[in-house]
Amino acid sequence: MKGLHKFLVEKVKPNFTEGGKLSKFYTLYDALETFAFVPPHVTHNGTHIKDGIDLKRTMFMVILAMIPALLFGIWNAGHQHFLALGEIARTDDWTMLFGDKVLYGLSKVLPLIIVSYVAGLAVEIFIASIKKHSVQEGFLVSGMLIPLIMPLDVPLWMVAAATMFAVIIGKEVFGGTGMNILNVALTARAFLFFAYPTKMSGEVWISGDKSEFVDGVTGATALGELATTVGSAATEAGDRAVQTLFASDGIYSLWNCALGVIPGSVGETSSIAILIGALILIFTGIGSFRIIASFFVGGLVMATIFNLFGANAYMQMPPLHQLVMGGFMFGMVFMATDPVTAAQTATGKIIYGFLGGLLSILIRVVNPAYPEGVMMAILFMNVMAPLIDHYVIQSNIRRRTKRAKLQVA
Amino acid sequence: MSSTYKIKKGVNIGLVGESAKELGAAGSSEVYAVRPQDFHGLIPKMLVKEGAEVKAGTPLFYDKSNERIKFSSPVSGEVVEVLRGEKRRILAVKVLADKQNSFEEFGPINLSAAKRDTLIDSILNAGLWPLIKQRPFDVIANPADHPKAIFISGFDSSPLAPDSDFVIKGKEDLFQAGIDGLNVIADGKPVHLNLRKGSSALKGMKNAQISEFSGPHPAGNVGVQIHQISPLNKGESIWTVAAQDVINLGRFFKTGKHELKKTIALTGSEVNSPKYFEITPGVMVKAITKGNVKEGNIRIISGNVLTGSTSSEDDFLGYYDTQITVIPEGNEPKFLLTKGWLGPGLDKFSISHAFPTWLLPKKKYKLDTNPNGELRAYVVTGQYEKVFPFDIYPVQLVKSILVNDIEQMENLGIYEVAPEDFALCEYACTSKIQVQQIVREGLDNLLAEFK
């Protein structure tokens, strides 16, 4: 491998450096070289040794944590598709048409991943070469998050447009990785949600041609069904019909929701797969346990409060059932924990997570026009995070001033 | 009654190459040097010319901003070179040692009758004042100040640091004399002596408030101890003296001679047989390392791996340094899957849990000088806080320094910290940010405001 590095540095690199034929692409070369080899630099001043961890490994750990949700999402894409076509029944063994399900899922999910990475990295590298700095690794994670929160049949050009919008407006205008205020992946989703609502909400959550679906399959999510029970259009008969879906033998039973065999975005459906990811993040110390735990508690508290009122079928959902539906778990584990956009102080993280969880359920239940309350809640808390930190830090400053006064007195 | 403080935040970086508790025979060093760079912020004014004959204790130069602070030759002999760098900045004053090593006679001091001002004057005249440093700013103390306390850290917790019990053993009476003298200087204010819980050598010291500290590095940093016992507020100052320099002061009080001695540890994975040496500060590194370090691509550090300075065999030991560490250089490319960022990382120590080695708390590592990554913006949060035992928000303080917001720096507690307190943060930083340098610049900016 030393030979390869020598070849790169001696034969390939000169083409890309100042004066070389391809000097415009130096940033790209540098990104690839440092990807393959940790550079032979040494420390100069300050600590002579440094921790083994770097941003690349940190980001890789997050991607690793997303793999269970991704794999399940691929299988579930095919599973939902063939269910809707009536080719399999819910009672069938999970191995039925396993290969077909995975192949179908791959055919839908892989293009999303490729488009997201290509579009996002193209923008990143372009901007990095204009600003003459190296490509920072932030997008490695965003590029995987974006496909996981998309509906399967969203047009690919929309994914590309949303990704570019998110990278430029959500991140680069603030100064790039580490400087953004809003979570990049959620910015992409919010962009699509408001720009192309017909592709992002309603009955778009099962892949395939709707005209071929068996009767009764709508392509809505569990949250979409529940939303019909809120507001003036709700009828008692409708409410009851929806409630049967969530009973222990319905398609949206607690177990089905937790397992994730329900329609939804690519990676959001399986709470169990997401929780495996959460364990990886917490075990490696890369995701904040404080945020994940307080977010969960926040959601639980709000769902319990609604449950006590029980004004409609939505509010009557048992709290835990409420939390395993929709994007709540995915947002809690992978979005709220983004260290750049979350609160940064230990106390701040707890407040941030708690309010995030609270708002997710509040928005979801009270305003059924936004079934994905978690997206709005996290974006809102992203904006509020600096304020939370400000007050946490102010209390530290007050403590110090008080101590100084005591000393004088 | 001594009180005990438990430091929870921090980490001991287990390195290969701890010194065996035996004293080696140092080689002869013909040339000794006093280097202005060892004293932060100092602008020296020469008092002697090349070729002058000096004794141990003869002033070589003084501090331009405070003429009372003099810097003396550690040995007797001839000033052979005043080494200058860019813009004629003085880099080192080298003294060729003679055989007999004669001393300037300042006369022993009767501590029980000594007055504060005259004692300070005699320390200044003997060129020993640089042994006393101050917080805030981590610079040589201003002799005109009246500090609210004097702090002595009785142990060093940094990686591979010398064992204080071994180093101090047999010099307890000199240490006691040092404490007695510092009490005169403290003028009724407390002298704090902080010991590692369970250590024995200094337990019997009198006239000092003894506290015990347990926990990982940086428990031995005097800044951490001050923060626990008597935190600094704006406008206050605290003086600090290193444990071995208390002995040096004590020796001066007893003998009236400028006779500096230190027991330093030669440590690190690239040392053949790590052990202790008794030396005089300013000694050539070669005198300690010669024949005892491994061949090849190595880095010699004057000090520890976190706060020391890069050195070489022909260089001189730093004035305040109590150890030399030799580790491998890391200037080899590391392929991503084997030794790089995607590798198993069984040879890497990380404060994060992203490498499996965190499950082996007792493992000793042979770490090199590769930063293991490139400079990035702040992304990961909560990392500094794990190794920073202060009631201070470290990242926020660093950011306020970066934007030079003086009011915010003061609010966030910059007076309480020194660069060394951030050394572990710098080690742990995923984004490889040079935190110690940033903190030093912040302190310098603040110091400039006062002048």
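**Reading the model together**

Modeller: Gladly! Two bridges link strand β1 (residues 37-38) of chain A to β21(B), and these strands run antiparallel. Strands pair if DSSP finds at least two bridges between them, and A:F37 has B:F335 as its bridge partner in β21(B). This is a predicted model, where local features need pLDDT of at least 70 and side-chain atom pairs count only at pLDDT 80 or more, while totals for chains, interfaces and linings use all residues. Residues are numbered from 1 along each chain as its sequence is written, and chains are lettered from A and ligands numbered from 1 in the order in which they are written.

Colleague: How many residues of chain B are in contact with chain A?

Modeller: Contact is decided by C-beta atoms, placed from the backbone, lying within 7 Å. Here 62 residues of chain B are in contact with 52 residues of chain A. On the chain B side, α10(B) gives the most, with four residues. That side divides into 26 nonpolar, 24 polar and twelve charged residues. Ala, Val, Leu, Ile, Met, Phe, Trp, Tyr, Cys and Pro count as nonpolar, Asp, Glu, Lys and Arg as charged, and the others, Gly among them, as polar.

Colleague: And the names of helices and strands, where do they come from?

Modeller: They are DSSP runs numbered from the N terminus: helices are H or I with at least four residues, strands E with at least two.

Colleague: How many residues of helix α5 of chain A are buried?

Modeller: A residue is buried if 20 or more other C-beta atoms, placed from the backbone, lie within 10 Å of its own. In α5 (residues 138-148) of chain A, eleven of its eleven residues are buried. Among them are A:F139, A:M144 and A:L148. The buried residues of α5(A) pack against helices including α3 (55-85) and α4 (98-131) of chain A.

Colleague: What describes two packed helices?

Modeller: The angle between their axes and the distance between the axes. Axes are lines fitted to C-alpha atoms, for helices over the stretch in contact, and angles run from 0 to 180 degrees between N-to-C directions. The axes of α3(A) and α12 (residues 271-283) of chain A come within 8 Å and cross at roughly 170°. Angles over 145 degrees count as roughly antiparallel, so α3(A) and α12(A) are roughly antiparallel to each other. Their contact has twelve nonpolar, one polar and no charged residues.

How values were computed:
Contact = placed C-beta atoms within 7 Å. Buried ≥ 20, exposed ≤ 12 C-beta atoms within 10 Å, placed from the backbone. Parallel < 35°, antiparallel > 145°, perpendicular 65-115°, else oblique.
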